[in-house]
Amino acid sequence: MTRVLILTGLGALIALAAVLWGLTYMWRGQGIQISGHGHAALILGGIITIALSCGLFALTFFSSRRGHDDAVSPGDETPKPDT
């Protein structure tokens, strides 16, 4: 499990680096210059976005697995009709 998490994180960082390289290549082709602060902001924003999305996916997964999504409150079950 630890190996999967490490490989997933490494894959996410490699994908982020590839996107940043592609954006830099595209911007330079259009004559737009980005300072070091701009690159730092892009990297930090990407890392925060990936961390937030991983956290939200984990919360959704664990909530579903533990049955927290079954009923909002105990009175939400629909009564069965009498036959």
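1. Aromatic pairs. In this predicted model, where local features need pLDDT of at least 70, side-chain atom pairs count only at pLDDT 80 or more and totals for chains, interfaces and linings use all residues, a search of the whole structure finds two aromatic pairs. Rings of Phe, Tyr and Trp (its six-membered ring) pair if their centres lie within 6.5 Å, and planes under 30 degrees apart count as stacked, over 60 as edge-to-face and the rest as tilted. Residues are numbered from 1 along each chain as its sequence is written, and side-chain values use heavy atoms, with hydrogens and water left out.

2. The pair W21 and Y25. The ring centres of W21 and Y25 lie 5.5 Å apart with their planes at 15°, so this pair is stacked. W21 and Y25 are four residues apart in helix α1, and are therefore separated by about one helical turn. W21 has a relative accessibility of 60% and counts as exposed, and Y25, with a relative accessible area of 61%, is exposed as well; here buried means under 20% relative accessible area, exposed over 50% and partly exposed in between (1.4 Å probe, protein chains only).

3. The pair F61 and F62. F61 and F62 form an edge-to-face pair, 5.4 Å centre to centre with 70° between the planes. F61 counts as partly exposed at 43% relative accessibility, and F62 counts as partly exposed at 43%.

4. Helix α1. Helices (H or I, at least four residues) are DSSP runs, numbered from the N terminus. With its 28 residues, α1 reaches 41 Å from its first C-alpha to its last, close to the 40 Å expected at 1.5 Å a residue, where the expected span is 1.5 Å times one less than the number of residues. L16, L20 and T24 of α1 are buried, and what covers the buried residues of α1 includes α2. Just after α1, G31 takes a positive phi of about 85°.

5. Helix α2. The 30 residues of α2 (residues 36–65) should span 44 Å, and the end C-alpha atoms are 43 Å apart, which agrees. Just after α2, G67 takes a positive phi of about 85°.

6. The largest pocket. A pocket is an open set of points on a 1 Å grid over the protein atoms alone where a 1.4 Å probe fits, with protein on both sides within 12 Å along at least five of seven lines, and lining residues have an atom within 4 Å of a point. The lining of the largest pocket includes M1, I50, C54, F61 and F62. The largest share of this lining, six residues, comes from α1.

Notes: Helices (H or I, at least four residues) and strands (E, at least two) are DSSP runs, numbered from the N terminus. Contact means heavy atoms within 4.5 Å.
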